[in-house]
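Please open the model in the viewer and follow the selections below in order.

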Amino acid sequence: RRQRQMCIRDRNVGGRNKVKFIDYSNDGNVQVTYNQQIKPLISVIIPVYNSELYLKECLDSVINQTYKKIEIICVDDGSTDHSLDILNFYQKKDSRIKVFTQENSGPSAARNKALDMAKGDYISFVDSDDFLKPYTYSTLIEYATQERSWDLIIFGGNIVGERNTYFEEKLSTEYREYLDCKPGTVVFGEKAARPFLWLHFFKRELLEKPEKIRFMEDINLGEDQIFEFEYIPRAKNVLVLDKKFYNYRIENNASLMQLYNNRRIKKTECHFTIIKTVIENWKKDGYYSLYQDDIWTWAVQLMYWTINDLPSEFRKEYSIQMLDLMKTYDVEEYLVSGSEVSHYKEFKKWAESNTSSESDLNLIKKKIEQENFEIEETLKSKAFKLGKFFTGKKKRLDIDKILSLIHISEPTR
């Protein structure tokens, strides 16, 4: 008896992708059998820029995953250290690693390049100085391929390095299931939904249909949130796991660098861009009218915590700008909800205040003088000198570089 066999993918067997073999015999009988499970492919995207110190640990954590069906797309964004050498070395060790290069254009451009190359059923982003637990993808795939078919899975993470209560709270998740979601349910209702992209594991089709979603390349602060506001509303079924898979590194010198990193004004301008972009995108997608209250409550919160500790001169300027923006969109005051009502009132108070730029400058000057004094005393201390003596050159902080940012010369020893 002659038979012919057809093999197709069946997505409805136990909620998993399995191979269904259909045998057709000459006597008209049909026999259906199920064979091995087809494992989905995961595209792991790693943008890389001057990460030589931690890049090996990052790559090792990905290639040693217990789930093996992954492609690892690394885009070097014009690194000036040995990051590209490390990537090329690892590419020879593991054929799943694909290395691409570009001139320094920022993480958004690097991620977009990787997304255009991705072939996976699922997408995962990893930063090049962070690392994953070894069972991350095997666990995520186990959940993702359940009968429920989750479009997006959000999970938690751990802090590596200096403790930070804000990040610790943001990286802690609670188990929740969101079924047949409306566009604003998760992006506004789930605290873990924003802003950390690397806590998300999602179907690639969310970025491709009905039209492509990619990162905005002309801003380099807050671009993650704009991206999240675009693809999260497309996810109908969302699962939040109370599991910590991601290890997020905060350097021991992070507070020092952040203190003297003169990006606050740029950050504020970027946040205004984020708000306007999200609003225009949601108008285009038809979501805005139903979610004005959520959007403007989020916008007030975002801008309040951006400007509340700026000098009064800047607070006044940006409060006026925020209130003008709300007038442009005909926002009624009653649309702002919860604790953000008091923050909205703060904007009005700051906008009407009389400020003295001279007094602000004097306060800043005194603060800088005090901080300069404390840093100079630290550099002179025995503890600092001993630490520097016993720390290998490769692991030392570049003190001269840090001090150049704050215009202090290291004292003569």
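Begin by selecting helix α3 (residues 107-117) and helix α8 (residues 223-231), whose axes come within 10 Å and cross at roughly 40°. Axes are lines fitted to C-alpha atoms, for helices over the stretch in contact, with angles from 0 to 180 degrees between N-to-C directions. Show next the side chains of Pro107, Ser108, Arg111 and Leu115 on α3, and of Glu223, Asp224 and Phe227 on α8, which make the contact (heavy atoms within 4.5 Å).

This is a predicted model, in which local features need pLDDT of at least 70 and side-chain atom pairs pLDDT 80 or more, while totals for chains, interfaces and linings use all residues. Residues are numbered from 1 along each chain as its sequence is written, and side-chain values use heavy atoms, without hydrogens and water.

Now select Tyr231, Trp282, Trp296 and Trp298, which touch the most other members of the 65-residue largest nonpolar core. Such a core is a set of buried Ala, Val, Leu, Ile, Met, Phe, Trp, Tyr and Cys residues joined through side-chain atoms within 4.5 Å; buried means under 20% relative accessible area (1.4 Å probe, protein chains only). Helix α11 (residues 292-307) gives the most to this core, nine residues.

Finally, go to helix α2 (residues 83-93), where Ser83, Ile86, Leu87 and Tyr90 are buried. These residues lie on the same side of α2 because they cover an arc of only 100° around the axis, taken from the directions from the helix axis to the C-beta atoms. Helices (H or I, at least four residues) and strands (E, at least two) are DSSP runs, numbered from the N terminus.

Definitions and conventions
Buried < 20%, exposed > 50% of the residue type's maximum accessible area, 1.4 Å probe, protein only.
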